Amino acid sequence: MVVTSQGKLTTPTTPPSAAVTTTATDLGPTPHARKVRSARKPGRSTPTRSAAARRRDLPAALVLILPAVAGFAVFFAYPTLRGIYLSFTDFHVLTPPQWVGLANFQQMFGDDVFWHSLLVTVYFVALSVSFGTLISLVTAVVLHRVTRSSLLRGVILLPFLISNVIAALVWQWMLDPSLGIVNSVLKHLTGHSILFLGSGGWAIPSLAAISVWKWMGYYALLIFAGLQTIPSTIYEAGRVDGASETQMFRRLTVPLLRPILVMVVVLTVINSFQVFDIVQVTTRGGPANASNVLQMYIYDKAFRQFDFGYAATLSLALFALLITVTFTQLRLARANESDLT
Amino acid sequence: MAVTLAPGPTATAQRHTRDNSRRLPLGRIAAWIYLGIVVLVTLFPFYWILRTALSNNYKLATNPSSPLPVGFTWGAFERVLGIASTADAQAQGGSGASIDIALYLRNSLVYASVQTVLIVLFSAAAAYAFSRLHWRGRNLVFNILIAALMVPSVFTLLPNFVLVKDLGLSNTFGGLILPGALFQAFTLFFLRQFMLGLSSEVEEAAIIDGAGPFRIFFRIILPMSSAPIATVSLLMFVNAWNDYFWPLLITNSENVQPLTLALGVFKQSSPQAAPDWAGLMAAALVAALPMLLLFLAFGKRIVNSIGFSGLK
């Protein structure tokens with residue numbers, strides 16, 4: 001899921017020049033590195049290819065793209081359109097869907113649980129995005145300043161490789177109110193223990209912390225890759241001018257990193273809005289709806305109450321929300337512009 | 001955890017300002033201390049999984065903060081692997097209900113590897129057609145496909161569930177694998193981007209020798225793209241291995257369910273009052289082990305791929 005959403009932003013956020021450089025450096029042995037530049041405009045500018053060649057390639061091309069196009073049509077385009085259609089129907093899986101117009105939307109706007117779960121989701125997103133981005137940024141910058149060790153980078157990436165389910169389970173165990181190590185230590189230090197996942201006030205912050213733990217390394221490495229594209233001459237110039245480390249961080253690193261920071265923020269926002277696994281494994285939306293995030297609510301509607309029509313409406317709302325938030329962010333951040341050029 | 005970490009950044013920043021006149025060691029020390037904390041917080045849960053998995057579940061309660069396994073035993077692993085007798089399992093705090101982890105392991109392997117092989121093959125084929133072949137409408141079709149990146153998976157999940165159910169494929173490997181096996185915008189985009197940059201000299205020589213597009217694809221383009229294909233395969237495999245939501249929707253029998261779901265089953269089957277944490281952690285470790293092994297083998301490639309896939 002991550003990987004998919006990550007591709008989403010790559011085109012708009014990075015200038016093509018950066019793309020070429022990273023392709024060349026990161027793929028290791030690249031005899032083509034230099035040719036990448038010259039071959040940037042494929043097809044159109046190849047004089048050797050004639051109209052005849054175009055006709056000759058067509059049958060082969062159709063065969064080669066067939067599986068992808070079929071997959072796109074059947075499992076992507078069709079479900080997307082069907083999802084929109086279903087959101088206007090009353091559909092309980094076993095009987096055929098019945099058109100009800102805007103009834104689902106009316107129900108949604110008057111649905112207190114929906115508004116509550118939207119609020120809970122936004123709270124979760126705010127926490128995981130702010131802490132996630134801040135910690136990833138600092139980690140990446142510190143890593144970049146003191147070491148090139150790819151072992152260390154690998155270590156911080158470890159949580160990214162295990163499933164959300166395992167991350168959720170181990171944290172649930174560590175945060176266990178009576179036997180968890182975190183509470184043992186807390187009791188030792190303060191005399192109190194905290195119902196991390198079991199109390200209304202702590203459930204969302206705890207889930208956000210788990211999510212930050214799981215994703216921090218991944219985003220830190222994205223930012224780290226961005227740092228590597230900033231030429232060191234810029235810092236040397238800064239040093240000659242007598243800039244301090246903090247000044248260089250604020251005046252050089254952050255502005256030059258903006259496209260990548262925007263991308264990281266947008267990715268965290270998109271991922272956090274769709275949070276499900278860790279909630280489903282730990283709190284199941286509880287206690288008393290305190291962590292009933294949107295995706296959890298949709299799942300509940302569809303698979304516990306079998307109200308597919310309404311669940312489709314809720315997904316459409318989440319989709320619309322994601323698109324709006326993403327575009328607003330990209331626009332606000334002027335993500336396409338890099339200060340590097 | 002966020003709470004513990006939050007002071008880190010500010011502290012580092014302040015120290016940076018202070019030492020500026022003297023430069024170094026202090027700033028460097030602060031940086032290393034920060035990194036030390038990050039690594040500790042990152043790795044500790046992994047250690048805790050191991051420590052708990054090697055403990056006796058009943059005795060865990062007697063010494064919850066012991067850094068070493070409490071009442072060291074392989075019992076939890078035996079319960080998870082189904083080689084402990086029911087009596088033994090219950091004596092150590094297990095439920096006695098066994099899960100057939102070998103079966104779930106097989107399911108995860110089938111799901112992740114079949115899906116990875118298919119999606120990478122089909123994406124590479126399409127990427128080749130979209131990058132090296134020349135045909136009318138190429139860019140238009142590509143742009144339509146790539147628009148899929150804009151639709152979040154949450155939106156297609158429910159209709160896809162209905163579709164797969166209508167096709168009679170729910171609770172089969174077909175239904176589990178197929179939706180993600182033919183087309184994924186990211187893999188296609190990733191591989192096409194690489195193939196666009198390949199030199200055309202070898203290809204043109206092959207054309208002069210009379211090789212057709214398929215021959216060129218299998219004999220020239222695929223081998224030349226082995227590095228990005230390996231990278232994208234790793235990412236896809238990790239993704240499928242860790243997938244939870246789609247299998248949760250589409251499967252309900254242990255003949256198809258992957259390990260991620262088995263962990264949930266295992267958790268629910270243990271008595272509510274005192275979950276079998278030792279057993280759960282042992283199961284988690286077994287489930288995570290393939291990823292950890294992959295990481296040991298291909299760590300560097302995975303680490304480098306992150307920057308690449310994110311930036312490109």
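Buried residues account for 46% of the 341 residues in chain A. A residue is buried if 20 or more other C-beta atoms lie within 10 Å of its own, exposed if 12 or fewer, and partly exposed in between, with C-beta atoms placed from the backbone. This is a predicted model, in which local features need pLDDT of at least 70 and side-chain atom pairs count only at pLDDT 80 or more, while totals for chains, interfaces and linings use all residues. Residues are numbered from 1 along each chain as its sequence is written, and chains are lettered from A and ligands numbered from 1 in the order in which they are written.

**View 1. Chains A and B, overall content.** The secondary structure of chain A comes to 15 helices and 2 strands, and that of chain B to 17 helices and 0 strands. Helices (H or I, at least four residues) and strands (E, at least two) are DSSP runs, numbered from the N terminus. In chain B, buried residues make up 51% of the 312 residues. Two residues are in contact if their C-beta atoms, placed from the backbone, lie within 7 Å. Of the contacts in chain A with a separation of 6 or more, 72% are between residues 24 or more positions apart; the corresponding share in chain B is 70%.

**View 2. Helices H6 and H12 of chain A.** The axes of H6(A), residues 112-146, and H12(A), residues 245-273, come within 10 Å and cross at roughly 145°. Axes are lines fitted to C-alpha atoms, for helices over the stretch in contact, and angles run from 0 to 180 degrees between N-to-C directions. The crossing is right-handed; a crossing is left-handed if the near helix is turned anticlockwise from the far one by less than a right angle, and right-handed if clockwise. Residues of H6(A) in the contact include Phe124(A), Ser128(A), Gly132(A) and Val141(A), and those of H12(A) include Phe249(A), Leu261(A), Val265(A) and Phe273(A). By class, the contact of H6(A) with H12(A) has 11 nonpolar, 8 polar and no charged residues. Here Ala, Val, Leu, Ile, Met, Phe, Trp, Tyr, Cys and Pro count as nonpolar, Asp, Glu, Lys and Arg as charged, and the others, Gly among them, as polar.

**View 3. The largest nonpolar core, around Ala284(B).** The largest nonpolar core has 185 residues, and Met281(B) and Ala284(B) have the most contacts inside it. Helix H10 of chain A (residues 200-228) gives the most to this core, with 18 residues. A nonpolar core is a set of buried Ala, Val, Leu, Ile, Met, Phe, Trp, Tyr and Cys residues joined through C-beta atoms within 7 Å. Leaving aside neighbours within four places in sequence, Ala284(B) is in contact with Ile166(A), Leu169(A) and Val170(A), and with Ile49(B) and Leu263(B).

View 4. H11(B), residues 185-196, has 12 residues and reaches 16 Å from its first C-alpha to its last, close to the 16 Å expected at 1.5 Å a residue. The expected span is 1.5 Å times one less than the number of residues. Of the 12 residues in H11(B), 11 are buried, among them Phe186(B), Arg192(B) and Met195(B). Ser123(B) lies in helix H7 (residues 101-131) of chain B and counts as buried because 27 C-beta neighbours lie inside 10 Å. Apart from neighbours within four places in sequence, Ser123(B) is in contact with Ala68(A), Gln184(B), Thr187(B), Leu188(B) and Leu191(B). Ser123(B) and Gly175(B), 52 residues apart in sequence, are 19 Å apart in space, C-alpha to C-alpha.

View 5. Most residues other than glycine have a negative phi. Arg284(A) is not a glycine, yet has a positive phi of about 55°. Arg284(A) is in the loop between helix H13 (277-282) and helix H14 (294-303) of chain A, and counts as partly exposed because 13 C-beta neighbours lie inside 10 Å. Phi of Asn171(B) is also positive, near 65°. Asn171(B) is in the loop between helix H9 (153-166) and helix H10 (173-181) of chain B and is partly exposed, with 17 other C-beta atoms within 10 Å.

**View 6. Asp176(A) in a loop of chain A.** Asp176(A) is in the loop between helix H8 (164-174) and helix H9 (181-190). Asp176(A) counts as buried, with 22 C-beta neighbours inside 10 Å. The C-alpha atoms of Asp176(A) and Ala312(A), 136 residues apart along the chain, are separated by 35 Å.
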